[in-house]
Structure formats: C-alpha cells, structure tokens
Amino acid sequence: MKTILVAGSKGGVGKTTIATHLAAQSALAGKATVIADADPQGSSTRWAQRRSMLDSAVLPVDVHRKKNWEKLIPDGAEQVIVDAPAGAYAEDLERFLDLADAVVVPVLPSALDIEAIVGFLNSLSRIKRVHSRALPVGLVLNRTKPWTQTSQQAQQMLAQWPYDVVAQLRDSQSYVVMVGLGRSLFDYHSAQVREHQQDWDPLLKWLNKA
C-alpha cells in the first residue's frame, strides 16, 4: 500500500483539489484507492461520495482526530491519499508522516504565500525521515500563470529550499467545477483538458519513484 500525504500550513492553496485529483488518477489506473480525509471540513469525503457510482470510485475514510487511523483503511487498499487538515504543522501530522511514502505540498505563486509556508517547511525539516531524505517532499506550484513574472519569481524563491518543485499546475476554473461534481480532469479526454493533464505528468512520475 502506498500512502501519499497532501499537506500545507495555509488554507486555500488547492490542497483538497490536488488530493482528489491524485485519488481519481489512481482509481482510473485500476488501483483500489482510499482518500483518508483528515480535514474537519470533509470536502474530500463529499467529493468521493459524489463519485461513488463511477467504476473508478474512491473510498472515503474519515480520519480526522483518529489516532490509529491506519486501522480504518480496509485490507486490499493499494493507494491511500491523505488530505491533511489546513493549518497543521509537521508535529500535528506525525501519525501520517510516520506511514507516508511521499509528501506533496501545494504552494501558490506569490511571495506572500511562499513566505506563509516557511514555518511549515521548517517544521517538516525537523522530521527525521524528511531530514535524512528517506521521506521525499515535493512542492507543487499551484494556480500558476506560465511565463508571468510572478510565477518566475515564485520559482526562484522556492529554489532556495531543499525540496524540489515537482509540478506547476496552471490556473483554471475547471478544477473547481470538477471537484464539485466528484470528478477530475483525468475523467475527460478533450484537447483542452489534455493540456492541463500534462501539467500533472511530472508529479505523477515523481510519485511513482517515491
């Protein structure tokens, strides 16, 4: 079973959107997929419930404030995506970090947003498995506008950290619509959608290696 933790100390960065898209992609690839919803808002759970009638359904499991959360994951699960609570630091996520195979951290492309996650990234660096590089951490630059000065400055700021930027996802209202429907971009095949799907390729390749 592979466990991917999607986490960040700042709300509104697209954490749940990334978690649900990773879960949908996994399910569409034929894996028995669980989304472990640790966020008290329960957005991932509602997304999975809307998706429940599809062949590529994702099983939602409420792990908010569950100490031994891994015991709630059913036997046979091949991929678990943990949607962490917003505002949590590494010390609040130890029960997930102990079992995670990779950590995905969404970041918005502005100086203020990047500065807002410094505390979270510092807290991650104090985790033994992260510090020793046994637990890979990848940054995802989310809602970008390619080739703009803002996005380029964000890349330069993030290059100062020992964590790789493993993907840049372009800004699109499609993400909001898809999550509301219990779907993802991976459920569709139009030319426009395929362009956005390609943004995910580096992240998916990085996760396959983790």
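**Salt bridges, burial and helices**

Tutor: Let us start with a pair of side chains: Lys15 and Asp83 meet in a salt bridge, 2.6 Å from N to O. Before going on, note that this is a predicted model, in which local features need pLDDT of at least 70 and side-chain atom pairs count only at pLDDT 80 or more, while totals for chains, interfaces and linings use all residues. Residues are numbered from 1 along each chain as its sequence is written, and side-chain values use heavy atoms, with hydrogens and water left out.

Student: Where do the two partners, Lys15 and Asp83, lie?
Tutor: Lys15 is in helix H1 and Asp83 in strand E4 (residues 79–83), and the pair links distant parts of the chain, 68 residues apart. Helices (H or I, at least four residues) and strands (E, at least two) are DSSP runs, numbered from the N terminus.

Student: What makes Asp83 count as buried or exposed?
Tutor: The cut-offs are these: buried means under 20% relative accessible area, exposed over 50%, and partly exposed in between (1.4 Å probe, protein chains only). Asp83 has 0% relative accessibility, so Asp83 counts as buried. Lys15, with a relative accessible area of 7%, is buried too.

Student: Which residue forms a salt bridge with Lys15 at 3.2 Å?
Tutor: That is Asp39, with the closest N and O atoms 3.2 Å apart. Asp39 sits in the loop between strand E2 (33–37) and H2, 24 residues from Lys15. At 10% relative accessibility, Asp39 counts as buried.

Student: How do you know how a partly exposed pair looks, such as Asp171 and Lys145?
Tutor: Asp171 has 37% relative accessibility and Lys145 has 48%, so each falls between the two cut-offs. Their side chains meet in a salt bridge of 3.2 Å, N to O. Asp171 lies in the loop between E7 and H8 and Lys145 in the loop between strand E6 (137–144) and helix H7 (149–158), so the pair ties together parts that are 26 residues apart in sequence. Salt bridges that share partners also join Lys15, Asp39 and Asp83 into one network, and by the rule the count comes to six salt bridges.

Student: What makes H1 mostly covered?
Tutor: In H1, 12 of its 14 residues are buried, including Lys15, Thr16, Ile18 and Leu22. His21 is found in this helix as well, and His21 is buried, with a relative accessible area of 0%.

Student: What does His21 touch?
Tutor: Contact means heavy atoms within 4.5 Å. Leaving out residues up to four places away in sequence, His21 touches Tyr175, Met178, Ser184, Leu185, Phe186 and Trp200.

Student: How do you know whether the span of H1 is close to what is expected?
Tutor: The expected span is 1.5 Å times one less than the number of residues. H1 has 14 residues and reaches 20 Å from its first C-alpha to its last, close to the 20 Å expected. Gly30 follows H1, with a positive phi near 95 degrees.

Student: Why are the buried residues of H8 said to be on the same side?
Tutor: In H8 (residues 174–181), Tyr175, Met178 and Val179 are buried. They cover an arc of only 95 degrees around the axis, which puts them on the same side of H8; the arc is that of the directions from the helix axis to the C-beta atoms. The buried residues of H8 pack against helix H1 (15–28), helix H2 (43–50), strand E7 (164–170) and helix H9 (191–209).

Student: What makes the protein chain as compact as a globular protein of that length?
Tutor: The protein chain has nine helices and seven strands. Its radius of gyration is 16 Å, close to the 17 Å that the globule rule gives for 210 residues, so the chain is as compact as a globular protein of that length. The radius is taken over C-alpha atoms, and the rule is 2.2 Å times the number of residues to the power 0.38. Buried residues make up 50% of the 210 residues.

Definitions and conventions: A salt bridge is a side-chain nitrogen of Lys or Arg within 4 Å of a carboxyl oxygen of Asp or Glu.
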